[in-house]
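I opened my notebook to look up two things. One is how the chains meet. The other is what surrounds the ligand.

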Amino acid sequence: MTDATMNSKPGTEIRRPTLTGERLKKRYAAERRFRLYGLGSILTAGLILVFLVGSITGTGYTAFLQTYIKLNISFDPEFLDPAGTGDVAQLASADYGGMVKKNLRDNFPEVTSRRDKRKLYNFVSPNAGFDLRTMVIDDPSLVGQSLDLWIKASDDIDMLTKGYVDRTLEESNRRVSDTELVWYDKLDSNDRIESRFNTDFFVKADSREPEEAGILGAVTGSLLTLVITLLLSFPIGVMAAIYLEEFAPKNKWTDLIEVNINNLAAVPSIVFGLLGLAMFLNFFGFPRSAPLVGGMVLALMTLPTIIIASRSALKAVPPSIREAALGLGASPLQVVTHHVLPLAMPGILTGTIIGMAQALGETAPLLMIGMIAFIVDVPGGFTDPATVLPVQIYLWADSPERAFVERTSAAIMVLLAFLIFMNILAVMLRKKFERRW
Amino acid sequence: MSEKKKMAKSDASPASKATPPNATPKMKGDKVKVFYGEKQALMDVDLDIQPNEVTALIGPSGCGKSTFLRCLNRMNDVIDICRVEGKITLDDEDIYDSTLDPVQLRARVGMVFQKPNPFPKSIYDNVAYGPRIHGTAQSKADIDEIVETSLTKAGLFGEVKDRLLEPGTGLSGGQQQRLCIARAIAVNPEVILMDEPCSALDPIATAKIEELIDELRENYTIVIVTHSMQQAARVSQRTAFFHLGELVEVGDTEQIFTNPNDSRTQGYITGRFG
Ligand SMILES: Nc1ncnc2c1ncn2[C@@H]1O[C@H](COP(=O)(O)OP(=O)(O)OP(=O)(O)O)[C@@H](O)[C@H]1O
Ligand SMILES: [Mg+2]
């Protein structure tokens, strides 16, 4: 038998990988295609995001402006202080609404009919009187003076300025009538109409009047609620995760607990709201609509997220680190506090912030515990009635006035800003605590 | 160094023959059985560890060397499915007694693992960790000194003295292993268990570690797992051969390597299997 015959036997033939030809071309093509798919997905996601943010900003940015009308206001003692006492209590209770109306009539002497007068009164915000009252109380020497002041316009006029009123429509289909348009154009040509930054939007709470409605009440409510959520869910969640991951024996009870925690994470949030309603409000009798209860309900909802994130962060710490510390005679608690927890912290914090961001955007469970109420005061504490940003968005989106449409979008922008801030915070914390292996 | 080498060699000679059989063992394993779940990994191992000696555990992969080593400081406790039967004593004290605190046991019986596992902290903090948690050093100066002597003993100080505050994980594999040894001896345990401490090291670092082991023998009792027959012969006074979970043979290193009683030992050390 020769070598040649041996090599020709199929079983002993040495097959080396072929590096050329069809297979290689196919492989390259598959890799190129895969990269294109990935790029395509990213682009699609990016486009959707641009569209979403673009449409919200497009409708929302005008809410940051507010129309003001320059009117000559005389602080008539006849309205403010007929007896001439100069008493602050008298000044505070005076009829400012009447004063504004009189001044409007004085500014438009040509308006005489009752119907037209009512239209005229509708030019400025019904709350203009309150603003003037504040001015007078701050400075009583205004009484008797006559000044050119910028008065906040009503939402209809504001919409007209912002171009949301279509002048080509038939009069009956417009919120602003022909006569009003004439007055408006006259004011405009006299430079008595101006758009200013809408400070009120950021420093006031909700109102029935769109031009008076602000976001501060909801923002404060959200912050108070999140403080409670964080204070409850972070320590409980992290402790539960540490116990389950580091100390609990692995048996069917802990398996059962694990399955249930995973289930809880998937429970619709409104169920937590029902639980909160039954437990916190009906059983414990906590106040309705309060950030305290809202925070507790959201904490229930956030707990599974935090526990799951913390457990996987703890799991990711290599067991060799635990063995090393144990082998040196560290107690199990020392192993956790000195080594495992610091290493797991970035993951735990990221999970917590993601949970908080979820809680910030949550509406449904809060509806169940009455945080959907219309609240005109900025909440001052954890038990004051309050609403939260997403509920505010929901309420405004439900309102018929055109001016609330832009405010809805503006509120969404504020909410998004908070979410972006929280996510940046998550990234920064992770960077700060991350360690090289 | 050459002196040390000579010493190690002379140990194997009959004159300085390891320990007289009547000496009290530092640690004593009596019918040790270990189960991982249903599977039995050690069968009735009776093994005495003599004080101030290096005991080498050899045997083919998977025969239970690491398992036995981990019984000696109860590191098996952390494995849920692991169950230990039989009796192991340290200075005549049952280490599996329910009143004994495994945490304190591990301060007396230290361990160096097969894979280097420094903490992701500075080199200094790695070594200082043990003394800090056990309160063996009070002042910063004390700790500084322990860190320096431990690193010097482990033959690492020269290489790292300028970067003690850099992370220990940034060292090379061999340097990391020596850091782990320095970390273990900084606690000053009575017994040091080493699981293949040189498997990641180059011959020079290995020689340094072997020299260190020989030095440590004066003050510590050492148990070392190794796959290198030469290493077992060089550093140990007694050698135990494991096979399939059984302790086949234990005796003076000299005798095991020159005149083993069991044919399996003979086969393993001459390279016929394993
Ligand atoms: N955590 C564990 N769970 C289940 N079985 C294990 C575990 N650790 C070890 N074993 C089994 O116990 C037996 C002994 O393992 P051990 O690690 O003690 O071997 P070894 O002698 O150290 O081997 P090597 O030289 O490869 O390190 C092996 O069969 C192994 O599969
Ligand atoms: Mg092993």
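Before counting, I noted how elements are named: helices (H or I, at least four residues) and strands (E, at least two) are DSSP runs, numbered from the N terminus. This is a predicted model, in which local features need pLDDT of at least 70, side-chain atom pairs count only at pLDDT 80 or more, and totals for chains, interfaces and linings use all residues. Residues are numbered from 1 along each chain as its sequence is written, chains are lettered from A and ligands numbered from 1 in the order in which they are written, and side-chain values use heavy atoms, with hydrogens and water left out.

**Entry 1: the ligand**

I asked which element gives the largest share of the shell around ligand 1. I found that α2(B) does, with three residues. I then listed the residues around ligand 1 (a heavy atom within 4 Å). There are 15, and the closest are Ser61(B), Lys65(B), Ser66(B), Thr67(B) and His227(B).

Next I checked atom distances. A polar side-chain atom of Ser61(B) is 2.5 Å from an oxygen atom of ligand 1. For Ser66(B), a polar side-chain atom is also 2.5 Å from a ligand 1 oxygen. Cys63(B) uses its backbone: an N or O atom there lies 3.3 Å from an oxygen atom of ligand 1. Ligand 1 alone exposes 630 Å², and the protein buries 66% of that. I noted that such areas come from the Shrake-Rupley method with a 1.4 Å probe; for residues, only the protein chains shown count as cover.

I sorted the shell by class. It has five nonpolar, seven polar and three charged residues. Here Ala, Val, Leu, Ile, Met, Phe, Trp, Tyr, Cys and Pro count as nonpolar, Asp, Glu, Lys and Arg as charged, and the others, Gly among them, as polar.

**Entry 2: the chains**

How many residues of chain B are in contact with chain A? I read 24, against 20 residues of chain A. Contact means heavy atoms within 4.5 Å.

I looked up the buried area (accessible area, 1.4 Å probe, that two parts lose on being put together, summed over both). It is about 1900 Å², with 63% from carbon and sulfur atoms. In chain B, Phe119(B), Pro120(B) and Tyr129(B) lose the most area to chain A, together 27% of what that side buries.

Last, I looked for salt bridges (a side-chain nitrogen of Lys or Arg within 4 Å of a carboxyl oxygen of Asp or Glu). I found one between chain B and chain A. Glu323(A) and Arg70(B) form a salt bridge through their side chains, at 3.0 Å, N to O.

Technical notes: A polar contact is a pair of N or O atoms within 3.5 Å; within protein, one must be able to donate a hydrogen and the other to accept it, and residues adjacent in sequence count only if both atoms are side-chain atoms.
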